[in-house]
Amino acid sequence: MEQTLILLQISDSAFPTGGFSHSMGLESAVQHHWVQSKGDLINFCISVLENAGSLGIPFVQESFKNYADVKHLSRLDQLLHACSANHVACRASTKQGKAMLETASRVFMDQNISKLLSSLSHCHHAVVFGAICGCLGIAEEIMLATYMSGLARTVMASAVRLDKVGPIEAQKIVASLQKVIPEIIHRLKIRTTQEACITYPVLDILQNCHDRLFCKLFNS
């Protein structure tokens, strides 16, 4: 019960990680007319989940399993940074990871979490999320589902703020995506960090164009 409550806390939007300042590339996709309809939005979100699953899940899992090995986590963090050719997504990942790590270290007072503050060079979100969940004793399957669900929630929250859908319709889309997430996790959780990659390069290009937008609401 305690672990469930902790997971609800760290995945809640009130937990200050800066997630609402990022759109996962949706703002760029909207301004480049890649997302114009509800169907486009759903396809975009699935692409985000697929990329996050193929690139992020291997790092989340390995950091989760090695949460007490600071040197290994540091190597994972550096490897993920080297794999992140998209500078906008890389910046968003490190900003959210640092914010999550700093908040968790102050809230939970866990020695292993505190060690990471001075050990990780970049603090990528996938590495930090997995390590924190490992330190707090969260079950692996629930941890992976929460990681992926949080990404879907971020995209839909951004869609509401960009006035692409209303809040009720956004929640309907999130509910439909919850049926897709288990299949993505099941298919991609067998990948190692050496096999991690993105599978939707168009999404990566759209995210990379964010800094060139004339007017923007989000940081990424």
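His33 counts as exposed, with a relative accessibility of 56%. Keep in mind that this is a predicted model.

**Two loop residues**
- His33 sits in the loop between H2 and H3, and its phi is near 60 degrees, a positive value in a residue that isn't glycine.
- Met24 has a positive phi too, near 60 degrees, and again this is a residue other than glycine.
- You'll find Met24 in the loop that runs between H1 and helix H2 (26-31).

**Helix H3**
- H3 covers residues 38-65, which makes 28 residues, and spans 38 Å from first C-alpha to last, close to the 40 Å expected at 1.5 Å a residue.
- There's a bend of about 45 degrees at Gly56, with a proline, Pro58, following within four residues.
- Most of H3 is covered, with 20 of its 28 residues buried.

**The largest pocket**
- Its volume comes to about 990 Å³.
- The elements giving two or more residues to the lining are helix H1 (2-11), H3, helix H4 (70-83), helix H5 (87-108), helix H7 (125-135), helix H8 (140-161) and helix H11 (201-208).
- H5 supplies the largest share of that lining, seven residues.
- In total 45 residues line the pocket, and those nearest its centre are Met24, Gln96, His125, Tyr147 and Leu151.
- Sorted by class, the lining has 23 nonpolar, 19 polar and three charged residues.

Methods:
Residues numbered from 1 in each chain as written. Predicted model: local features only at pLDDT ≥ 70, side-chain atom pairs only at ≥ 80, totals over all residues. Heavy atoms only, no water. Expected span 1.5 Å × (residues − 1). Bend = angle between axes of the 7 residues up to and from the residue. Buried < 20%, exposed > 50% of the residue type's maximum accessible area, 1.4 Å probe, protein only. 1 Å grid on protein atoms, 1.4 Å probe; cavity = no way out; pocket = protein on both sides within 12 Å on 5 of 7 lines; lining within 4 Å. Points joined across faces, edges and corners; volume = space filled by probe spheres on them. Nonpolar A, V, L, I, M, F, W, Y, C, P; charged D, E, K, R; others polar.
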